[in-house]
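Notebook open, structure loaded. I'll jot down what I looked up, one topic at a time.

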There are 2 protein chains.
Amino acid sequence: MAKSDVKVLGAWPSPYVMRARIALNIKSVEYELLEETFAPKSQLLLQSNPVHKKIPVLIHGDKPVCESLIIVEYIDEVWASGPSILPSNPLDRATARFWAAYVDEKWFPSLRGIGAAQEDEARKAAIEQVAEGLSQMEEAFQKTSKGKDFFSGDKIGYLDIAFGCFLGWLRVTEKMNGVKFLDEAKIPGLVKWAEKFSADPAVKDVMPETDKLAEVAKIIMARLRAAGASK
Amino acid sequence: MAKSDVKVLGAWPSPYVMRARIALNIKSVEYELLEETFAPKSQLLLQSNPVHKKIPVLIHGDKPVCESLIIVEYIDEVWASGPSILPSNPLDRATARFWAAYVDEKWFPSLRGIGAAQEDEARKAAIEQVAEGLSQMEEAFQKTSKGKDFFSGDKIGYLDIAFGCFLGWLRVTEKMNGVKFLDEAKIPGLVKWAEKFSADPAVKDVMPETDKLAEVAKIIMARLRAAGASK
């Protein structure tokens with residue numbers, strides 16, 4: 001497929017955009033990244049995702065596909081001859097989807113909560129939640145990886161992408177708050193996994209540098225705090 | 001498969017539990033419904049879904065599968081020889097998943113918001129959001145049904161299940177608040193769809209009676225308000 005047939009509306013710091021890009025990389029699909037800025041949103045974005053007006057949007061031919069995990073499943077189904085992203089066994093698929101939903105609905109909101117916290121107490125509580133979530137994910141990793149490098153075994157798969165896309169933001173949060181989440185004594189499997197994931201050929205060029213991401217984080221966190229203060 | 005090999009931990013008023021039951025009905029899989037009460041939660045539920053401790057849980061053999069839409073996809077994949085629940089085309093699948101997520105993340109929270117509202121103004125705003133969401137879904141219906149009875153065409157599919165499971169609660173909300181959401185003048189496609197869906201053989205025995213559901217609703221809404229008041 002010609003490069004121009006696949007476009008990703010995105011922005012490099014977005015973990016959700018990373019998901020689409022990693023999935024395309026796994027399938028060796030060339031694509032064009034159209035960088036969105038915070039504001040104003042592009043006409044193409046507004047037209048392609050009129051309901052949520054959010055990135056990422058995958059545009060395949062002239063058809064938009066929205067929502068990062070839906071995009072990942074779409075990529076897996078359309079480019080089915082490439083390496084599989086979802087496990088083949090229905091129970092393993094259900095497990096991968098379960099933990100991906102956990103990461104999105106429970107764990108990442110806690111991570112955001114650290115940056116958005118206005119008081120030390122709320123920040124401490126959020127830090128604790130993030131650590132608890134990581135213990136939960138360590139347990140899931142031990143069960144599903146079965147001694148291999150990734151959640152899905154030998155190769156990066158759905159849950160690796162869903163969770164791994166937040167590693168940049170986890171590292172930035174560690175740095176900005178003087179905490180250590182990726183602690184080998186507590187979550188040895190995930191620490192090793194995080195290294196392997198970040199170094200993977202499908203990932204390394206889209207995983208943002210921590211320092212560069214920290215600059216973006218400062219802007220976003222200031223906005224989150226301002227939004228909280230005006231409530 | 002023997003009946004006892006498939007169990008659903010659930011409760012009849014839960015829209016999420018309905019999803020699992022409808023999917024099993026579509027596939028003609030016999031199952032045992034183990035009714036959970038509000039409290040205390042059963043040991044089986046706590047063991048089967050230790051992360052969320054929520055219904056529904058599908059227990060297939062000795063393996064638990066959690067989260068209603070994940071259960072629906074699991075059922076579709078395991079009993080693959082029965083009628084398909086997800087569309088076969090990747091773009092149609094992505095579209096169905098997109099609207100199912102919209103219903104769960106945006107639309108149903110508005111519907112709950114009507115019952116939970118403590119002030120008239122908040123209730124009015126929630127009622128408006130629900131109506132807007134229905135217009136959005138009417139548009140989606142017109143696009144995806146292509147003149148057929150269901151979102152997925154001739155037969156009930158993934159999005160029909162995801163959205164249709166809330167019809168009982170929509171009717172209860174209409175009744176308790178003296179509003180008419182299922183209005184033929186505004187959303188003719190959905191009104192007809194709602195009738196067809198509710199009368200479908202896979203659905204009719206699990207769709208709760210509005211009056212019976214209204215009794216449950218009164219209890220839940222009182223709790224929601226009490227929870228809101230104690231914040």
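**Interface**

I started with a salt bridge: A:E73 pairs with B:R97, and their closest N and O atoms are 3.2 Å apart. I count a salt bridge when a side-chain nitrogen of Lys or Arg is within 4 Å of a carboxyl oxygen of Asp or Glu. Between chain A and chain B the count is 6 salt bridges.

Before going on, a note on the ground rules. This is a predicted model, where local features need pLDDT of at least 70 and side-chain atom pairs count only at pLDDT 80 or more, while totals for chains, interfaces and linings use all residues. Residues are numbered from 1 along each chain as its sequence is written, chains are lettered from A and ligands numbered from 1 in the order in which they are written, and side-chain values use heavy atoms, with hydrogens and water left out.

Across the interface of chain A and chain B I also get 6 residue pairs in polar contact, both residues at pLDDT 80 or more. (A polar contact is a pair of N or O atoms within 3.5 Å; within protein, one must be able to donate a hydrogen and the other to accept it, and residues adjacent in sequence count only if both atoms are side-chain atoms.) Which elements give two or more residues to the side of chain A that touches chain B? They are β4 (63–66), α3 (68–78) and α4 (90–116) of chain A. Helices (H or I, at least four residues) and strands (E, at least two) are DSSP runs, numbered from the N terminus. α4(A) gives the largest share of that side, 11 residues.

In contact terms (heavy atoms within 4.5 Å), 25 residues of chain A meet 25 residues of chain B. The buried area between the two chains is about 2100 Å², with 71% from carbon and sulfur atoms. That area is the accessible area (1.4 Å probe) that two parts lose on being put together, summed over both.

**Around B:L190**

I then went to B:L190, in helix α8 (residues 188–199) of chain B. Is B:L190 buried or exposed? B:L190 is buried, with a relative accessible area of 1%; buried means under 20%, exposed over 50%, partly exposed in between (1.4 Å probe, protein chains only). B:L190 and B:L134 are 56 residues apart in sequence, yet 8.2 Å apart in space, C-alpha to C-alpha. Leaving aside neighbours within four places in sequence, B:L190 is in contact with residues including B:L134, B:F141, B:F151 and B:F163.

**End of α5 in chain B**

B:S145 sits in helix α5 (residues 120–145) of chain B and is buried, at 2% relative accessible area. Its side chain reaches the backbone oxygen of B:F141 at 2.6 Å. B:S145 also touches B:F150, B:F151 and B:G153, not counting residues up to four places away in sequence.

B:K146 lies in the loop between α5 and α6 (158–164) of chain B. I found B:K146 exposed, at 63%, with a positive phi of about 50° although it is not a glycine.

Most residues other than glycine have a negative phi, and most peptide bonds are trans. B:E67 has phi near 80°; B:E67 is in the loop between β4 (63–66) and α3 (68–78) of chain B and is partly exposed, at 24%.

I also logged two cis peptide bonds. One joins A:I55 and A:P56, with omega about 0°; the other joins B:I55 and B:P56, with omega about -5°. A:P56 lies in the loop between α2 (43–48) and β3 (57–60) of chain A.
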